[in-house]
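Subject: A structure for you to look at

Hi there,

Here is the structure I promised to pass on. Please open it next to this email and follow along as you read.

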Amino acid sequence: MNIKPRDLDTAPNVFKIYVNKPHLDFDDVESFDTTQELILTEEEIKGSDIVLDIVKYTNVNKISIFIPSNVSSGDVTEICEIDFYGCPLHKTDMKNLKKVG
């Protein structure tokens, strides 16, 4: 994962990521278990890659992000871009398997 904030003062410093919670809203954020909570380092805030726990993202249909605070503890958090890196898993077609040996 990678973020590009508009400005370092309004960059997020905490991310709460929720997987497969289709109807999550601000009122529900505290009642659901967070899939992963990230406290960002200065390097990550400036654009370095953020490593996610791959085990927690094996069957993802929807990702929701809640940002409870930013670097300056102000009311406004600004992000220009959030990138997630990964690849889809394709099911193995058992008909295409061939015996070897």
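Two residues are in contact when they have heavy atoms within 4.5 Å of each other. With that in hand, look at I45: leaving out residues up to four places away in sequence, I45 touches I3, P5, L8, A11, P12, N13, L40 and V71.

A word on where this comes from: the model is predicted, so local features need pLDDT of at least 70 and side-chain atom pairs count only at pLDDT 80 or more, while totals for chains, interfaces and linings use all residues. Residues are numbered from 1 along each chain as its sequence is written, and side-chain values use heavy atoms, with hydrogens and water left out.

**The core**

I45 also belongs to the largest nonpolar core, which has 11 residues: M1, I3, A11, F15, I17, V19, L38, L40, I45, I50 and Y57. A nonpolar core is a set of buried Ala, Val, Leu, Ile, Met, Phe, Trp, Tyr and Cys residues joined through side-chain atoms within 4.5 Å. Buried means under 20% relative accessible area, exposed means over 50%, and partly exposed lies in between (1.4 Å probe, protein chains only). Strand β2 gives the largest share of this core, three residues. Strands (E, at least two residues) and helices (H or I, at least four) are DSSP runs, numbered from the N terminus.

**The salt bridges**

Side chains of opposite charge can pair when their charged atoms come close. A salt bridge here is a side-chain nitrogen of Lys or Arg within 4 Å of a carboxyl oxygen of Asp or Glu. How many salt bridges does a search of the whole structure find? The search finds five.

One of them joins the side chains of E81 and K4, at 3.3 Å from N to O. This pair links distant parts of the chain, with E81 in strand β5 and K4 in strand β1 (residues 2-5), 77 residues apart. E81 is partly exposed, at 33% relative accessible area, and K4 is partly exposed at 38%.

K4 also meets D83 in a salt bridge, at 4.0 Å from N to O. Here K4 in strand β1 and D83 in strand β5 are 79 residues apart.

Another salt bridge is between E30 and K16, whose closest N and O atoms are 3.8 Å apart. E30 sits in the loop between β2 (12-19) and β3 (36-39), and K16 in strand β2, 14 residues away. As for networks, salt bridges that share partners join K4, E81 and D83 into one.

**Two backbone angles to find**

N20 is not a glycine, yet its phi is positive, at about 60°. N20 is found in the loop between β2 and β3 and is partly exposed at 30% relative accessibility. S73, also a residue other than glycine, has a positive phi near 60°. S73 lies in the loop between β4 (63-70) and β5, and S73 is exposed, with a relative accessible area of 65%.

Enjoy exploring!

Best wishes
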